[in-house]
Amino acid sequence: MNTALEFIKANPGFHLATVDGDKARVRPFGFVMKRNDALYFCTNKGKDVYKQLVKNPEIEISDMGKDSWLRIRGRIAFDDSREAKAQAFEVMPELLRMYPKGADEELFVTFYFTEAEAKLFSFAGAPKILPLF
């Protein structure tokens, strides 16, 4: 894998960490896409993860491969545009089961890294910095 996006697509099902007060919170995520030269994700505005991201936009993602693992740490911003939402539903049509209104769903929101550093780790050597895509 030469990029963070390639690693995530090859190893779907990553974990996203936020902060809730003074406690760490981690949950599984499965959606990622490239848009406007950024890595995008999505969530629901009614979920605790959304409230935590609004309060503290610093996150870390961890994804495990067969012999290595990826960490992406950075800061996010939200993109509530219809265009970003529409692209998300094109990338993962399965989202329509949860959000039948598609890009017109008000609770659905995308977010993306505004700044990030991706590092690939293994037991065989030092971490390697990867480009996002």
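# Close-up views of a predicted protein model

**Figure 1. The whole chain, element by element.** From the N terminus on, the elements of the protein run α-β-β-β-β-α-β-β-α-β-β. That gives three helices and eight strands; here helices (H or I, at least four residues) and strands (E, at least two) are DSSP runs, numbered from the N terminus. This is a predicted model, where local features need pLDDT of at least 70 and side-chain atom pairs count only at pLDDT 80 or more, while totals for chains, interfaces and linings use all residues. Residues are numbered from 1 along each chain as its sequence is written, and side-chain values use heavy atoms, with hydrogens and water left out.

**Figure 2. The overall size of the protein.** Along its principal axes, the C-alpha trace spans about 45 × 35 × 25 Å. Of the 133 residues, 44% count as buried; buried means under 20% relative accessible area, exposed over 50%, and partly exposed in between (1.4 Å probe, protein chains only). Take the contacts between residues at least 6 apart in sequence: 66% of them join residues at least 24 apart. A contact means heavy atoms within 4.5 Å.

**Figure 3. Asp 79 in strand E6.** Look for Asp 79 in strand E6, which covers residues 68–79. Is Asp 79 buried or exposed? Asp 79 counts as buried because its relative accessible area is 13%. Its side chain makes a polar contact of 2.7 Å with the side chain of Ser 81. A polar contact is a pair of N or O atoms within 3.5 Å; within protein, one must be able to donate a hydrogen and the other to accept it, and residues adjacent in sequence count only if both atoms are side-chain atoms. Leaving aside neighbours within four places in sequence, Asp 79 is also in contact with several residues, among them Arg 35, Tyr 40, Ala 84 and Phe 111.

**Figure 4. Helix H3 and the strands it packs against.** Helix H3 covers residues 82–91, and its buried residues are Ala 84, Lys 85, Gln 87, Ala 88 and Phe 89. Which strands do the buried residues of H3 pack against? They pack against E3 (33–35), E4 (38–44), E6 and E7 (108–122).

**Figure 5. Asn 36 and Asp 37 in a loop.** Asn 36 lies in the loop between E3 and E4, and Asp 37 also has its place in the loop between E3 and E4. Most residues other than glycine have a negative phi. Yet phi is positive here, near 50° for Asn 36 and near 55° for Asp 37. Asn 36 counts as exposed because its relative accessibility is 60%, and Asp 37 is exposed with a relative accessible area of 60%.

**Figure 6. Ile 61 in strand E5.** Strand E5 spans residues 58–64 and holds Ile 61. With 0% relative accessibility, Ile 61 counts as buried. Not counting residues up to four places away in sequence, Ile 61 touches Phe 14, His 15, Leu 16, Phe 41, Leu 70, Arg 71, Ile 72 and Phe 113. Ile 61 and Arg 73 are 12 residues apart along the chain, and their C-alpha atoms are separated by 6.4 Å.
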